[in-house]
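This report describes one protein chain, from its overall build down to single residues. Please look over the sequence and the structure before reading on.

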Amino acid sequence: MTVLFTNLVNNGDFETGSTLFWNAANVTVTNLSVKKTNFYSAILAGGAVDASLSQVVFATPGESYRLSLSAAKIGSLVNPQLNIFLYYYDATFSFLGTGLTTYLSAGTLPDAVNGT
């Protein structure tokens, strides 16, 4: 059985070639030839700078939602920890609760160019 869903994230695949609709800090968008060829990717700056990417998505109470993302690094250096948060707010942006708090440990992302 195929389950169809509607993607609520605007420019979720960075198909505009930019961070349009995203709140981005130290992020660039590229269509470099990596494992997901013919797709755009967001590249978060490495090194000693913080980088972040977020978007407000409106949802309906009582509905079910699925979060899906792909993450990789470019090059042989160890990736930093990647934090993933999902927060809920009401229409007036009053905080309601945390839906997800998880992370991908440092050094665990595959290299997007060679798949290792």
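## Terms and model

In this report, two residues are in contact when heavy atoms of theirs lie within 4.5 Å. The structure is a predicted model, and the values below are computed from it.

## Overall build

The protein chain has zero helices and six strands. Read from the N terminus on, the order of its elements is β-β-β-β-β-β. Along the principal axes, the C-alpha atoms of the chain fill a box of roughly 45 × 35 × 30 Å.

The protein chain has 116 residues, and 13% of them count as buried. Its accessible surface comes to about 9,000 Å². Carbon and sulfur atoms hold 55% of that surface. Among contacts in the chain with a separation of 6 or more, 47% are between residues 24 or more positions apart.

## The nonpolar patch

Which residues make up the nonpolar surface patch? The patch consists of Val 56, Phe 58, Phe 85, Tyr 87, Tyr 89, Phe 93 and Phe 95, and its area is about 780 Å². Strand 5 gives the most to this patch, with three residues.

Phe 58, one of the patch residues, is found in the loop between strand 4 and strand 5. Is Phe 58 buried or exposed? Phe 58 counts as exposed because its relative accessibility is 61%, and the cut-off for exposed is over 50%.

With a relative accessible area of 43%, Phe 85 is partly exposed. Leaving out residues up to four places away in sequence, Phe 85 touches Leu 100 and Thr 101. Between Phe 85 and Tyr 103 there are 8.4 Å in space, C-alpha to C-alpha, while the two are 18 residues apart in sequence.

A pair of aromatic rings is described by the distance of the centres and the angle of the planes. The count of aromatic pairs comes to four. In one of them, Phe 85 and Tyr 87 are stacked, at 5.7 Å centre to centre and with 10° between the planes. This pair is called stacked because its angle falls under 30 degrees. Tyr 87 is partly exposed, at 40% relative accessibility.

Gln 55 is found in the loop that runs between strand 4 (52-54) and strand 5. Why does Gln 55 count as buried? The reason is its relative accessibility of 18%, since buried means under 20%. The side chain of Gln 55 reaches two backbone atoms: the nitrogen of Asn 10 at 2.8 Å and the oxygen of Phe 21 at 3.5 Å. Apart from its neighbours within four places in sequence, Gln 55 is in contact with Leu 8, Val 9, Asn 10, Phe 21 and Trp 22.

Asn 79 lies in the loop between strand 4 and strand 5. Its relative accessibility is 5%, so Asn 79 counts as buried. The side chain of Asn 79 reaches the backbone nitrogen of Leu 109 at 3.0 Å. Not counting residues up to four places away in sequence, Asn 79 touches Lys 73, Ser 105, Ala 106, Gly 107, Thr 108 and Leu 109.

## Thr 92 in the loop between strands 5 and 6

Thr 92 is found in the loop between strand 5 and strand 6, the latter covering residues 95-104. Thr 92 is exposed, with a relative accessible area of 59%. Which side chains make polar contacts with the side chain of Thr 92? One is that of Asp 90, at 2.8 Å, and another is that of Ser 94, at 3.2 Å.

Thr 92 can also be placed relative to Gln 55: their C-alpha atoms are separated by 16 Å, and the two residues are 37 residues apart along the chain. Of this pair, Thr 92 is exposed, whereas Gln 55 counts as buried.

Methods. Residues numbered from 1 in each chain as written. Predicted model: local features only at pLDDT ≥ 70, side-chain atom pairs only at ≥ 80, totals over all residues. Heavy atoms only, no water. Buried < 20%, exposed > 50% of the residue type's maximum accessible area, 1.4 Å probe, protein only. Helix = DSSP H or I, 4+ residues; strand = E, 2+ residues; numbered from the N terminus. Polar contact = N/O pair within 3.5 Å; in protein donor to acceptor, adjacent residues only side chain to side chain. Patch = residues over 30% accessible without salt bridge, like charges linked within 9 Å, V, L, I, M, F, W, Y side chains within 5 Å. Areas by Shrake-Rupley, 256 points an atom, 1.4 Å probe, with all protein chains shown as cover. Salt bridge = Lys/Arg side-chain N within 4 Å of Asp/Glu carboxyl O. Phe/Tyr/Trp six-rings, centres within 6.5 Å; stacked < 30°, edge-to-face > 60°.
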